[in-house]
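This report covers one protein model, from its overall make-up down to single residues. The sequence and structure come before the discussion.

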Amino acid sequence: MKIWKRVLLLLLVVMATTAGYYGYSFYQFAQNIQEPNIAPPSGGNSTKAAEIPEWDGKERVNILLMGVDRRGMKNNGLPRSDSMMLVSIDPAGKRYDMFSILRDTYVDIPGKGSSRINSAIVEGGPELAMETVSQFTGLPVDRYVITDFEGFKALIDAVGGVEIDVEKNMYYHDPTDKGVYDINLKKGLQKLDGDKALQYVRFRHDATSDYTRTERQRKLMSAVVNQMKNGTTLIQLPTILKEVTPYIQTNISSVDMLKLSALGLKLDTLQPGNYQLPPMGMFRESNRAGSVLVPDVDQVQSFMQEKIAPPTETSDQPVGEKKSSTQN
């Protein structure tokens with residue numbers, strides 16, 4: 001009996017130590033990524049942005065994900081937004097929807113006039129980017145996550161790479177940075193490391209340009225979400241957090257991060273809503289400021305409400321079975 005008591009005591013000590021280690025790692029990560037290390041808030045103001053209301057964990061939450069290009073950025077400057085994706089999470093339905101925003105979408109940027117939507121972050125930091133996307137989509141957006149090229153690569157490498165079926169051969173020579181960001185991928189199912197994954201989501205030199213690029217971004221994001229739910233990946237979480245910390249910035253509080261992390265394990269990650277904004281047929285091409293896409297904002301907002309609405313059961317659809325909601 002004494003032996004078993006000692007074994008039990010040892011297990012309790014190990015569990016307590018492990019929990020403490022994971023908790024401390026998460027706390028450090030949550031604190032550090034709230035520093036404005038990538039894009040200073042309020043158009044260059046070095047102070048932190050205003051506090052946002054705490055999320056109750058029950059209402060839908062909308063988070064703007066921005067991938068930025070910091071190459072050639074001067075001190076205290078704001079980076080260019082290379083990609084924008086709005087993730088809308090429904091805790092009640094345990095599902096999420098991803099909306100890739102085409103970067104040439106020509107919208108009203110509050111207080112700055114009309115321009116490409118990806119210029120909002122340059123004009124006024126992540127706060128103006130959120131306000132612009134909120135006005136465009138009709139959804140409240142007050143939380144964001146920003147990463148840059150190196151952060152994206154670090155995340156993919158930290159989770160051990162992501163398996164992706166590359167649709168075709170992809171090649172592009174990037175004249176900047178002495179070819180560091182050249183793209184050279186072969187067609188076929190393969191595990192992509194951070195460098196190759198970045199090439200995959202950046203490639204846009206084909207017939208449909210940014211349309212298929214954003215589709216690939218959503219495809220890879222879904223693969224990353226599924227990978228993060230893997231048991232081995234969860235065990236490696238402290239190491240992963242340490243690796244990506246220098247390359248991420250957010251205004252999501254530590255408390256909300258914990259709620260989102262717990263919710264993430266329950267979400268249906270196999271069939272997320274997967275959409276392009278503006279959808280085909282809801283914009284017109286224009287040369288008013290270079291080649292841009294002028295959206296029908298009313299149509300876009302109606303589309304958003306339709307897609308985030310709770311699914312309804314139909315007579316020919318078994319209860320609990322969800323229809324595919326993928327749209328380019």
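## Basis of the values

The model is predicted, and local features need pLDDT of at least 70, side-chain atom pairs count only at pLDDT 80 or more, and totals for chains, interfaces and linings use all residues. Residues are numbered from 1 along each chain as its sequence is written, and side-chain values use heavy atoms, with hydrogens and water left out.

## The chain as a whole

The protein chain has ten helices and 14 strands. Helices (H or I, at least four residues) and strands (E, at least two) are DSSP runs, numbered from the N terminus. Of the 328 residues, 45% count as buried. Buried means under 20% relative accessible area, exposed means over 50%, and partly exposed lies in between (1.4 Å probe, protein chains only).

A contact means heavy atoms within 4.5 Å. Among contacts between residues at least 6 apart in sequence, 69% join residues at least 24 apart.

## Aromatic cluster

Rings of Phe, Tyr and Trp (its six-membered ring) pair if their centres lie within 6.5 Å; planes under 30 degrees apart count as stacked, over 60 as edge-to-face and the rest as tilted. The count by this rule is three aromatic pairs. One of them is stacked, because the ring centres of phenylalanine 99 and tyrosine 275 are 5.1 Å apart and the planes are at 25 degrees. Phenylalanine 99 belongs to strand S3 (residues 95–101) and tyrosine 275 to strand S12 (residues 273–277), so this pair ties together parts that are 176 residues apart in sequence. Phenylalanine 99 and tyrosine 275 are buried.

Tyrosine 275 also forms an aromatic pair with phenylalanine 303, this one edge-to-face, at 5.7 Å centre to centre and 90 degrees between the planes. Since tyrosine 275 lies in strand S12 and phenylalanine 303 in helix H10 (residues 297–308), the pair ties together parts that are 28 residues apart in sequence. The relative accessibility is 2% for tyrosine 275, which counts as buried, and 6% for phenylalanine 303, which also counts as buried. Phe99, Tyr275 and Phe303 form one aromatic cluster.

## Helix H10

The expected span of a helix is 1.5 Å times one less than its number of residues.

Which residues of H10 are buried? They are Val300, Phe303, Met304, Lys307 and Ile308. These residues cover an arc of only 115 degrees around the axis, so they are on the same side of H10; the arc is that of the directions from the helix axis to the C-beta atoms. The face turned away from the buried side of H10 carries the exposed residues Asp298 and Glu306. The cover over the buried residues of H10 includes strand S2 (80–90), S3, helix H3 (120–137), S12 and strand S14 (292–295).

Helix H6 (residues 210–228) has 19 residues and reaches 27 Å from its first C-alpha to its last, close to the 27 Å expected. Its buried residues include Asp210, Arg213, Arg216 and Arg218.

The charged end of arginine 216 sits over the ring of tyrosine 200, 6.0 Å from the ring centre. The rule here requires NZ of Lys or CZ of Arg within 6 Å of the ring centre and within 35 degrees of the ring normal.

## Single residues

Valine 244 is in helix H8 (residues 237–244) and is buried, with a relative accessible area of 4%. Not counting residues up to four places away in sequence, valine 244 touches Phe29, Ala154 and Leu155. Serine 119 is in the loop between strand S5 (113–116) and H3; at 16% relative accessibility, serine 119 counts as buried.

## Backbone exceptions

Most residues other than glycine have a negative phi, and most peptide bonds are trans. The peptide bond from leucine 277 to proline 278 is cis, with omega near -10 degrees, and proline 278 lies in the loop between S12 and strand S13 (283–286). Lysine 94 has a positive phi, near 50 degrees. Lysine 94 is in the loop between S2 and S3 and is partly exposed, with a relative accessible area of 39%.
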